[in-house]
Number of protein chains: 2
Amino acid sequence: MPIQTGNEEPLQTLINYLADDMKECNHIIMDRMQSSVPLVSQLAAHLIVAGGKRLRPLLSLASARLCGVKDNGHDHQIPRHVRLGACIEFLHTATLLHDDVVDESKLRRGAESANAVFGNSASVLVGDFLFSRAFQIMTEDGSLDVMRIISKASATIAEGEILQMTVQNDLSTSISRYFEVIHGKTAALFAASCRVGAIIANNSKESERALESYGTNLGMAFQLVDDALDYSATQEELGKTIGDDFREGKVTYPVLIAYKKSDADEKKFWKRVIEDGNQKEEDLENALKIIRKYDVIKDTLKEATIFANKATEALNIFPESELHTILKNIANYTVNRHF
Amino acid sequence: MPIQTGNEEPLQTLINYLADDMKECNHIIMDRMQSSVPLVSQLAAHLIVAGGKRLRPLLSLASARLCGVKDNGHDHQIPRHVRLGACIEFLHTATLLHDDVVDESKLRRGAESANAVFGNSASVLVGDFLFSRAFQIMTEDGSLDVMRIISKASATIAEGEILQMTVQNDLSTSISRYFEVIHGKTAALFAASCRVGAIIANNSKESERALESYGTNLGMAFQLVDDALDYSATQEELGKTIGDDFREGKVTYPVLIAYKKSDADEKKFWKRVIEDGNQKEEDLENALKIIRKYDVIKDTLKEATIFANKATEALNIFPESELHTILKNIANYTVNRHF
């Protein structure tokens, strides 16, 4: 059962709402990814210019606006929230470059991945460059609170990725361990992106906590859906190879639930393909058949919905506003998304 | 002509002089490389505990002491210079982990490299973790000046490594381009390590500049000697595979000078082995023969000596002291080192 066609409007509405901020943010992104070494800018451009919805900087900008951040007026300074949006996009891009090396991915955002075009070495090093640049931008901004949150998130992302590697191929991985993995690899940066928005707007600790909770839960929902899509979308919808997680032996939510519900013969199948990594061409089709048989995608989306609901609830402390509604809709939309 | 046996005492003298600081620094290193994900600490320990002379933190500590940094007395706080020494070691270790992935190295510090033992993916991600941890430590310290210098150095290191990759196999690389590469990959972090020592000690801009110059020139000398050793040391002396640079087609100073001095037949040889990467087993021996014929190692060490002399001169603004003498001796010793 493929996930139903989602309503893409909430994200587009957010993009429209923040069009001015994002225009400035994109300008900084293009400006600060330049380097005296041409390959750096070329490789960074491959991933950054080519696409991506800039979801994390959008969250950061939206959080800052929700907390009442003001423009600088006419002092020609780059607004702080806009600059930090660029910083977050650099950090995210750095992790994508390294992830694609780790996962040996060939596709990213519907195009050849940077490692496939420029090689692993260049991807590792340009990732390091963008990582450093992100910290340079934070230093220019000068908020120790922001740096503390982002550097911690950055360590958590690496730990999450390593934990994922540690449990790879292990069908005895618990659901709570899986949640720990996706919290690290995805939700931590969503949470940090939202939280620094509140900090920059000089808003209350309560707002910080609420937006951190929104980001965390949105990130969890987002990753659960991502893991569902790997077993339910078409390649065209996903913009990357279908069944990547399956081939890598990743123990995502759909696999763990399917394994749990499987009968003895099916369990043998999962052990062979995931634990022993012994896969034949028809195995993905068989995995999909089992996943459909036990309605596992529905279970996964149900779990994602719980997180999405927590995300929207976290926003209840903020007064009603257009942006408030858009952010709530984004959380609901995440569960129905097709990307 | 192998490099003559050096007098190892100056570095050992520095290690002894800073024994108390280094003991505390090592304690922080061990403490802060811990993670809830066991593989992180295991891999980090492989490289960090196993060895290394901690040259960069030593330089940072020495610079802080030279600039008169004081102990905290009995307030049980970790002294700032000690904490930043740990930060610099983490940053350096992160770059080593990534370099070994990029270079596909099998040996590091006389033992199997982390990527050889744990795989490339774990090395990339633990590098990212240590990188993040370094920035967490800087945030705790709270100096924006330190963060600005270290994050810039970190971007410069990545650019230097990428530039090196860009000029790989290219015998038309100019010497000034080579210097740009080694400034990025090595001298920038030496310079930053020394400079932040002065900042932490709250010393003058003049001291900052002097120590930055000392670090830069020491780093340049250090890397030139490193590049000479790859064509002159024994594997036992070097602690890594001999001829690595040659096999990778790196255009280091010895190769560029040897190529310049070579006759037509020898130039053909270099083009085949370095530019075309077409190497046979006996080619390293032949390369060494040409390098010996034209006394290229002597040229390289002469160039290194010029930088080492600039390093010692930079220290002239500081009054005579035991540490002052040790740091000058280290610069001279670098040219004669065997590591």
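Me: In which helix of chain B is the place of B:Glu303?

Reply: This is a predicted model, in which local features need pLDDT of at least 70 and side-chain atom pairs count only at pLDDT 80 or more, whereas totals for chains, interfaces and linings use all residues. Residues are numbered from 1 along each chain as its sequence is written, while chains are lettered from A and ligands numbered from 1 in the order in which they are written. Helices (H or I, at least four residues) and strands (E, at least two) are DSSP runs numbered from the N terminus. The place of B:Glu303 is within residues 296-314 of chain B, that is, helix H16.

Me: Is B:Glu303 buried or exposed?

Reply: A residue is buried if 20 or more other C-beta atoms, placed from the backbone, lie within 10 Å of its own, exposed if 12 or fewer do, and partly exposed in between. Because B:Glu303 has 20 C-beta neighbours inside 10 Å, its class is buried.

Me: Which residues does B:Glu303 touch, not counting residues up to four places away in sequence?

Reply: Two residues are in contact if their C-beta atoms, placed from the backbone, lie within 7 Å. The C-alpha atoms of B:Glu303 and B:Leu224 are separated by 7.7 Å, although the two residues are 79 residues apart along the chain. Once residues up to four places away in sequence are set aside, B:Glu303 touches B:Tyr253 and B:Leu224.

Me: How are H9(B) and H10(B) oriented to each other, and what is the handedness of their crossing?

Reply: Axes are lines fitted to C-alpha atoms, for helices over the stretch in contact, and angles run from 0 to 180 degrees between N-to-C directions; H9(B) (residues 175-200) and H10(B) (residues 205-229) have axes 7 Å apart at an angle of about 150°. Angles under 35 degrees count as roughly parallel, over 145 as roughly antiparallel, 65 to 115 as roughly perpendicular and the rest as oblique, so this pair is roughly antiparallel. A crossing is left-handed if the near helix is turned anticlockwise from the far one by less than a right angle, and right-handed if clockwise. The crossing of H9(B) and H10(B) is right-handed.

Me: How many charged residues has the contact of H9(B) with H10(B)?

Reply: H9(B) contributes, among others, B:His183, B:Phe190 and B:Arg195, which meet a set in H10(B) including B:Glu208, B:Glu212 and B:Tyr214. Ala, Val, Leu, Ile, Met, Phe, Trp, Tyr, Cys and Pro count as nonpolar, Asp, Glu, Lys and Arg as charged, and the others, Gly among them, as polar. On that basis the contact has 12 nonpolar and nine polar residues, and the number of charged ones is three.

Me: How are H3(A) and H7(A) oriented to each other?

Reply: The axes of H3(A) (residues 38-48) and H7(A) (residues 120-141) come within 10 Å. A:Leu39, A:Val40, A:Leu43 and A:Ala44 of H3(A) meet A:Ala122, A:Val126, A:Phe129 and A:Leu130 of H7(A), a contact of eight nonpolar residues with no polar and no charged ones. The axes cross at roughly 90°. The two helices are therefore roughly perpendicular.

Me: What is the handedness of the crossing of H8(A) and H7(B)?

Reply: The axes of H8(A) (residues 144-167) and H7(B) (residues 120-141) come within 8 Å and cross at roughly 160°, so the two helices are roughly antiparallel. The crossing of H8(A) and H7(B) is left-handed.

Me: Which element gives the largest share of the side of chain B that touches chain A?

Reply: In all, 36 residues of chain B are in contact with 36 residues of chain A. Helices H3 (38-48), H5 (80-103), H7 and H8 (144-167) of chain B each give two or more residues to that side of chain B, which has 19 nonpolar, 11 polar and six charged residues. The largest share, 14 residues, comes from H8(B).

Me: What arc do the buried residues of H1(B) cover around the axis?

Reply: The buried residues of H1(B) (residues 9-17) are B:Pro10, B:Leu11 and B:Leu14, and their cover includes H4 (55-66) and H17 (322-336) of chain B. On the other side of H1(B), B:Glu9 and B:Asn16 are exposed.
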